[in-house]
Amino acid sequence: MARAGGITNAVNVGIAVQADWENREFISHISLNVRRLFEFLLQFEATTKSKLASLNEKLDTLERRLEALEVQVGTATANPSLLST
């Protein structure tokens, strides 16, 4: 009788060990995927910041050009004689 109980305990221990390894493997996969996601988000943030900075510079340039054109239009409107030359 003791021998049958020993086999049952060994089987239960084997099942528990197998389940533990499967859980560890699952956790390892989850951890790896979380790390990959985090790295992607860091890279995405850096790329986005760079692109936004570039767009901001272009927008600043366009705003300066627009201000210069507004000044020219204002000057021409105030002095119509400048338009006929």
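Helices (H or I, at least four residues) and strands (E, at least two) are taken as DSSP runs, numbered from the N terminus. The model is predicted, so that local features need pLDDT of at least 70 and side-chain atom pairs count only at pLDDT 80 or more, whereas totals for chains, interfaces and linings use all residues. Residues are numbered from 1 along each chain as its sequence is written, and side-chain values use heavy atoms, with hydrogens and water left out.

The protein chain has one helix and zero strands. Of its 85 residues, 1% count as buried, where buried means under 20% relative accessible area, exposed over 50% and partly exposed in between (1.4 Å probe, protein chains only). Accessible areas come from the Shrake-Rupley method with a 1.4 Å probe; for residues, only the protein chains shown count as cover.

An unreviewed UniProt entry lists residues 45-79 as "coiled-coil region"; UniProt positions are given in the numbering used here, feature names are shortened, and annotations may be inferred rather than shown by experiment. In the model, this span is 97% helix and 0% strand, and its end C-alpha atoms lie 50 Å apart.

Side chains of opposite charge can pair when their charged atoms come close. With a salt bridge defined as a side-chain nitrogen of Lys or Arg within 4 Å of a carboxyl oxygen of Asp or Glu, a search of the whole structure finds two. Asp20 is bridged to Arg24, with the closest N and O atoms 2.7 Å apart. Both residues lie in helix H1 (residues 2-78), four residues apart, about one turn of the helix. Asp20 is partly exposed, at a relative accessible area of 33%. The salt bridge between Lys49 and Glu45 has its closest N and O atoms at 3.4 Å. Lys49 and Glu45 are separated by about one helical turn because they are four residues apart in helix H1. Lys49 is exposed, with a relative accessible area of 54%, while Glu45 is partly exposed at 40%.

A nonpolar surface patch is formed by Phe26, Ile27, Ile30 and Val34, which together have about 400 Å² of accessible area. Patches are made of residues with over 30% relative accessible area and no salt bridge; like charges are joined within 9 Å and nonpolar side chains (Val, Leu, Ile, Met, Phe, Trp, Tyr) within 5 Å. Val34 belongs to helix H1 and is exposed, with a relative accessible area of 51%.

Rings of Phe, Tyr and Trp (its six-membered ring) pair if their centres lie within 6.5 Å; planes under 30 degrees apart count as stacked, over 60 as edge-to-face and the rest as tilted. By this rule, one aromatic pair is counted. The ring centres of Phe40 and Phe44 are 6.0 Å apart and the planes stand at 25°, so the pair is stacked. Phe40 and Phe44 both lie in helix H1, four residues apart, about one turn of the helix. Phe40 is partly exposed at 48% relative accessibility, as is Phe44 at 49%.
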